[in-house]
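Subject: Structure for you to look at

Hello,

Here is the structure I promised. Please open it first, then read my notes below.

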Amino acid sequence: MKYAIETDKLTKKYGELTAVDALSLRIRRGEIFGLLGPNGAGKTTLISMLCTILEPTSGKAKVNGFDISAEQSSVRKNIGIVFQDPSLDDELTAWENLDIHGALYGLSPQDRKARAESSLKTVELYDKKDELVKHYSGGMKRRLEIARGLMHAPAVLFLDEPTIGLDPQTRRHIWDSVKKMNREKKVTVILTTHYIDEADALCGRVAIVDRGKIVACGAPSKLKKKGESLEEVFLRLTGNEIREEKGSSTQTMRARMRAWNK
Ligand SMILES: Nc1ncnc2c1ncn2[C@@H]1O[C@H](COP(=O)(O)OP(=O)(O)OP(=O)(O)O)[C@@H](O)[C@H]1O
Ligand SMILES: [Mg+2]
């Protein structure tokens with residue numbers, strides 16, 4: 001099996017609004033793949049369907065070879081997710097957060113210990129493992145969420161805006177962690193970002209999504225016309241107009257978390 005992700009005319013409608021519109025996409029195993037697009041383009045909706053949190057309206061998709069509608073539990077075992085909104089338990093230590101996550105996934109105590117150690121080392125938080133998360137900075141929390149996403153050794157990791165609101169140093173630190181786990185653990189990474197420089201630095205290929213459709217897909221260097229930056233490509237393809245968002249992303253994600261935990 002060559003593809004980590006295969007979608008075939010995948011569609012999600014919210015009433016009249018088509019958030020993801022007959023989207024067909026293939027992502028090879030081992031890629032770091034970026035989804036770029038204006039607010040409301042459908043990125044989180046697409047990821048939520050691939051993570052089995054949202055049911056598609058029509059179309060099909062496979063994640064690591066498993067069908068997102070017919071084989072949901074296999075899909076879930078094969079993926080890690082870092083949501084757009086933080087979801088750590090502040091009153092616990094970093095180690096406890098990972099241990100509980102491992103237990104939810106049915107890992108044995110020995111496996112939990114080994115995985116927590118290795119994923120904390122990947123994001124360089126091992127020496128802070130016994131601190132309460134409420135004493136962590138924003139960047140450390142984000143790295144811890146990535147470590148948690150790695151706990152059950154997923155084949156595919158989804159990162160929805162992994163570096164939003166972080167300073168340049170911390171963003172680069174996270175880029176290094178993402179590259180390292182992609183290289184060392186052979187994890188396929190699908191990330192969304194509004195930082196075009198991030199996609200440029202990190203992703204082998206990107207898809208620019210607008211109004212639920214892919215308007216361009218390829219290596220950043222191939223999408224650029226002579227002298228253009230990736231941001232200029234993005235604006236050329238998606239225009240200058242500001243998107244009015246109908247729903248709050250945060251509320252949407254809360255509803256999805258509830259669906260996932262059901
Ligand atoms: N539960 C929902 N009910 C109704 N409309 C929704 C719902 N969730 C999302 N939408 C709408 O679907 C569209 C796509 O939203 P989505 O959150 O997938 O976009 P996004 O690309 O992730 O945007 P952002 O960059 O702001 O995170 C938007 O117009 C949004 O308002
Ligand atoms: Mg989003």
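What is the order of the six strands in the open sheet? The order is β6-β7-β8-β3-β9-β10, with mixed pairing. (Two strands pair if DSSP finds at least two bridges between them. Strands are DSSP runs of E, at least two residues; helices are runs of H or I, at least four; both are numbered from the N terminus.)

A word on the source. This is a predicted model, where local features need pLDDT of at least 70, side-chain atom pairs count only at pLDDT 80 or more, and totals for chains, interfaces and linings use all residues. Residues are numbered from 1 along each chain as its sequence is written, and side-chain values use heavy atoms, without hydrogens and water.

β6 (79-82) and β10 (213-218) are its edges. Each has a single partner strand, so one side of each lacks a neighbour in the sheet.

Now look at β9 (residues 205-210). Five bridges join β9 to β10, and the two run antiparallel. Ile208 stands opposite Ala216 in β10.

Next, the cores. A nonpolar core is a set of buried Ala, Val, Leu, Ile, Met, Phe, Trp, Tyr and Cys residues joined through side-chain atoms within 4.5 Å. Buried means under 20% relative accessible area (1.4 Å probe, protein chains only). The largest core has 40 residues. Leu36, Leu144, Ile146, Leu159 and Val178 touch the most other members. Helix α5 (residues 138-150) gives the largest share, five residues. A second, separate core has 30 residues, including Val20 and Val63.

Best wishes

Terms used. Chains lettered and ligands numbered in written order. Buried < 20%, exposed > 50% of the residue type's maximum accessible area, 1.4 Å probe, protein only.
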